[in-house]
Amino acid sequence: MKVGSWNEWDPLKHVVVGRADGTMVQAPEPAVVRDWPEDGFPLGTYGPLPEEMTAAANEQLDNLAHVLESRGIRVDRPRPLDFSRPVATPEWSQQSMFGAMPVRDVLVVIGNELLEATMSFRSRWFEYLAHRPLIESYYRADPGMRWEAAPKPRLTEASYRPGFRDEYDALPYEEQIARVRAGELVLTEAEPLFDAADIARCGKDLFVQQSLATNAAGIRWLRQHLPEHRVHGVTFENLHPMHIDATWVPLRPGLVLHCAERPADEDLLQYFKINDWQVVRAATPGRQTPPPLSACSRWLSMNVLVLDPGTVCVEASETAQMEQLDRLGFEVVPVPFWDVAPFGGGLHCATLDVHREGVLEDYFP
Ligand code: DAV
């Protein structure tokens, strides 16, 4: 048993796969406002996702676990909490938590270090507790593991721009994108904030997206915490940036998949190109609409899980994405996963690499 992973593609040996049990459409909070009247959750309401959706998601998550186990990969599962419970710190209270499906958002393994992200939603402040029994067991089993947690944020009103949503939604597109580029979204710079799923790991280089969940102070904290890495703060032309793993997805050394609808900064493109990386525009998703009850987009089609530099799991209905990866030389493992999407994402979101074989390398010398 070993905790260790330097990138998104080395041979996967041990992984956590999330669970859908008890996932909530979370109660309103400064960072998030859910408004899905057609799906039974009009503005201001909250509650558990329907039981039949939860059962369907769990079936697909269990199937993913079996697919991985049948390939000799060890799979662990988190312990869901009662996410319907109100939670509080001395400075705020929140009427519900969220869930334990997108493990990728909460935790990241960088080398022998397992790092707990700050998170930036009040509904997700306690989510690490769903994963703690596993983390404790890893810490006991692997004397070489480093266990770290970023500073727990306060998440007071000072961490959020008041009236952000209405103001932002009323801006013309160019001004919205200027805000994205400047990192002036819902989070202020009062304290470091980041979700682990805004990090794309490429050995010595870590690409961290500033987003609705990650601020500049969070990226600065990561840079200071990981002095042996080059930590790049990046943005894309995306009106609702939230986690990098449906936008900029490294697949193997020299190959990154990019969401064509979300142009990258010229600096980022140049950095990859001068280091002989191929930047490939991901195939257009098969679906026209985002998943229900979800902040994710249809670009979950490119939220793939790489098993080794020649093998990749792709959502089973995303034919064009599978064909593209096949042409790029991968063995494609189709995994049905669309029923999981309402619970927080795709195959990459739902997993955490505990151990990938391999060593720290510099892919951008
Ligand atoms: O860009 O559609 C995908 C990842 C969510 N964890 C998006 C978000």
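Reader: What should I know about the model and the numbering before we start?
Author: This is a predicted model, in which local features need pLDDT of at least 70, side-chain atom pairs count only at pLDDT 80 or more, and totals for chains, interfaces and linings use all residues. Residues are numbered from 1 along each chain as its sequence is written.

Reader: How many residues surround the ligand, and which are the closest?
Author: The ligand is surrounded by 15 residues, and the closest are H243, A246, C296, S297 and G345. A residue is near a molecule if its C-beta atom, placed from the backbone, lies within 6 Å of it.

Reader: How does that shell divide into nonpolar, polar and charged?
Author: Eight residues of the shell are nonpolar, five are polar and two are charged. Here Ala, Val, Leu, Ile, Met, Phe, Trp, Tyr, Cys and Pro count as nonpolar, Asp, Glu, Lys and Arg as charged, and the others, Gly among them, as polar.

Reader: Take H243, then. Is it buried or exposed, and where is it found?
Author: H243 is buried, because 27 other C-beta atoms lie within 10 Å. A residue is buried if 20 or more other C-beta atoms lie within 10 Å of its own, exposed if 12 or fewer, and partly exposed in between, with C-beta atoms placed from the backbone. H243 is found in the loop between strand 12 and strand 13 (248-252); strands (E, at least two residues) and helices (H or I, at least four) are DSSP runs, numbered from the N terminus. H243 also has a positive phi of about 80°, although it is not a glycine.

Reader: Now the largest nonpolar core: which residues have the most contacts inside it?
Author: They are L107, V304, V312, V340 and A350, in a core of 92 residues. The largest share of this core, five residues, comes from helix 1 (residues 51-70). A nonpolar core is a set of buried Ala, Val, Leu, Ile, Met, Phe, Trp, Tyr and Cys residues joined through C-beta atoms within 7 Å.

Reader: What does A350 touch?
Author: Not counting residues up to four places away in sequence, A350 touches V17, G18, L61, L64, M101, P102, V103, V340 and G345. Contact requires that the C-beta atoms of two residues, placed from the backbone, lie within 7 Å.

Reader: Which residues of helix 1 are buried, and why are they on the same side?
Author: The buried residues of helix 1 are T54, A57, Q60, L61, L64, A65 and L68. They lie on the same side because they cover an arc of only 145° around the axis, the arc being that of the directions from the helix axis to the C-beta atoms. On the other side of helix 1, E51, E52, A55, H66 and S70 are exposed.

Reader: And what covers the buried residues of helix 1?
Author: The cover includes strand 1 (12-17), strand 4 (74-76) and strand 18 (331-335).

Reader: Changing topic, where does L293 lie, and is it buried or partly exposed?
Author: L293 lies in the loop between strand 15 and strand 16. L293 counts as partly exposed because 19 other C-beta atoms lie within 10 Å. L293 has a positive phi of about 50° although it is not a glycine.

Reader: What about S294? What does it touch?
Author: S294 is found in the loop between strand 15 (278-281) and strand 16 (305-308). Leaving out residues up to four places away in sequence, S294 touches A341 and P342. S294 is partly exposed, with 18 C-beta neighbours inside 10 Å.
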